[in-house]
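Morning, everyone. Please look at the screen, and keep the sequence beside the structure while I talk.

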Amino acid sequence: MVEHVNKHFGDLHVLKDINLTVDRGEVVVVIGPSGGGKSTLCRSINRLEPIDDGSIKVDGKELPKEGRELAKLRADVGMVFQSFNLFAHKTILDNVTLGPVKVRKSGKQEAEKHALELLDRVGIANQAQKYPAQLSGGQQQRAAIARSLAMKPKVMLFDEPTSALDPEMVNEVLDVMTGLARDGMTMIVVTHEMGFARRAAQKVVFMADGQIVEENTPDEFFTNARTDRAKDFLSKIL
Ligand code: ADP
Ligand code: MG
């Protein structure tokens with residue numbers, strides 16, 4: 001899916017020949033120290049950041065660099081950020097229907113029906129007519145997940161989706177993500193939530209200094225990491 005991707009910010013080589021394959025239905029957790037390039041990798045996969053070279057394919061199709069095709073293919077890649085990025089002046093329902101109506105050219109009624117199903121799936125159907133500021137952080141993040149799902153993405157990227165949340169709201173978001181994983185969604189999740197990784201992921205990728213340092217199963221990674229760099233990192237967070 002990601003092959004030989006390199007990227008610089010000026011002199012900083014932020015992604016160094018990254019290769020990552022994510023199979024359909026697979027959940028990959030990306031973990032590693034701050035500044036290692038995790039967010040840049042997510043943004044590159046979604047073409048929010050241009051890459052210098054290499055290739056990024058979703059479902060076998062290369063994502064174009066720009067143009068109208070990009071909007072369509074980008075919709076195949078859902079993205080959920082640490083900050084929920086909902087439109088503040090729109091209701092939760094409108095937040096979820098906006099993309100499908102604009103990009104997927106769904107009818108409004110059909111989009112609303114689907115949106116309500118998704119809001120139900122993330123447990124906030126009763127909040128559909130409210131504005132983001134009226135919801136808790138955990139509810140807003142679940143709304144953001146519903147909004148991404150509304151585009152029927154082939155893969156979902158999560159960049160530290162729970163790190164801006166109060167501790168008591170972390171699990172309600174992780175539970176929704178675990179449900180998605182069980183339902184077969186292909187997911188790349190940047191998180192330090194070990195419980196989630198063990199429950200939901202098939203693979204852990206440890207990233208530091210712009211490189212993938214270790215790829216392992218969650219069980220092996222957390223109990224018996226192969227690289228000293230990963231062991232050192234784990235000793236600091238666990
Ligand atoms: P992580 O998500 O693992 O913490 P990032 O991908 O955010 O890492 O950042 C990787 C490196 O790239 C950091 O050194 C960061 O300062 C740098 N960086 C990120 N975004 C930009 C940018 N837009 N311009 C310049 N440098 C950036
Ligand atoms: Mg980051």
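One definition before we start. Helices here are DSSP runs of H or I with at least four residues, strands are runs of E with at least two, and both are numbered from the N terminus. Also keep in mind that this is a predicted model.

Let's begin with the ligand. Which elements each supply at least two residues of the shell around ligand 1? They are strand 2, residues 12–20, and helix 1, residues 38–45. Helix 1 gives the most, with 3 residues.

Now find the whole shell in the sequence. Start with Phe-9, Leu-12 and Val-14, which are among the residues around ligand 1. Then go to Pro-33 and read on through Ser-34, Gly-35, Gly-36, Gly-37, Lys-38, Ser-39 and Thr-40. By class, that shell has 4 nonpolar, 6 polar and 1 charged residues.

Next, some distances. Take Thr-40: a polar atom of its side chain is 2.5 Å from an oxygen atom of ligand 1. With Gly-35, a polar backbone atom is involved, and an oxygen of ligand 1 lies 2.7 Å from it. Gly-36 also uses a backbone N or O atom, at 3.2 Å from a ligand oxygen. How much of ligand 1 does the protein bury? Alone, the ligand exposes 570 Å², and the protein buries 58% of that.

On to the strands. Find strand 9, residues 203–208. Is this strand mostly covered or mostly open? It is mostly covered: 6 of its 6 residues are buried. A reminder that helps here: side chains in a regular strand alternate between the two faces of the sheet. Now check both faces of strand 9. One side has Lys-203, Val-205 and Met-207, the other has Val-204, Phe-206 and Ala-208, and all are buried.

What does strand 9 pair with? Strand 3, residues 27–31, pairs with strand 9 in the parallel sense, over 4 bridges. In that pairing, Ile-31 stands opposite Phe-206. Strand 10, residues 211–216, pairs with strand 9 in the antiparallel sense, over 5 bridges. There, Met-207 stands opposite Ile-212. Strands 9 and 10 form a hairpin with 2 residues between them. Asp-209, in that turn, has a positive phi of about 50°.

Stay on strand 10 for a moment. Glu-214 is found there. Is Glu-214 buried or exposed? Its relative accessibility is 3%, and the cut-off for buried is under 20%, so Glu-214 counts as buried. Now compare Glu-214 with Val-29. They are 185 residues apart along the chain, and their C-alpha atoms are separated by 12 Å.

Back to phi. Most residues other than glycine have a negative phi. Here are two with a positive one. Asn-85 has a phi of about 55° and is not a glycine. Asn-85 sits in the loop between strand 6 and helix 3. With a relative accessible area of 41%, Asn-85 is partly exposed. Glu-160 is not a glycine either, and its phi is positive, about 45°. Look for Glu-160 in the loop between strand 7 and helix 6. Glu-160 is partly exposed too, with a relative accessible area of 23%.

Last, the record. An unreviewed UniProt entry annotates residues 2–234 as "domain: ABC transporter". Over residues 2–234, the chain is 39% helix and 24% strand. The end C-alpha atoms of that stretch are 26 Å apart.

Terms used
Residues numbered from 1 in each chain as written. Chains lettered and ligands numbered in written order. Predicted model: local features only at pLDDT ≥ 70, side-chain atom pairs only at ≥ 80, totals over all residues. Heavy atoms only, no water. Near = heavy atom within 4 Å. Polar contact = N/O pair within 3.5 Å; in protein donor to acceptor, adjacent residues only side chain to side chain. Areas by Shrake-Rupley, 256 points an atom, 1.4 Å probe, with all protein chains shown as cover. Nonpolar A, V, L, I, M, F, W, Y, C, P; charged D, E, K, R; others polar. Buried < 20%, exposed > 50% of the residue type's maximum accessible area, 1.4 Å probe, protein only. Pairing = 2+ DSSP bridges. UniProt positions renumbered as here; feature names shortened; annotations may be inferred.
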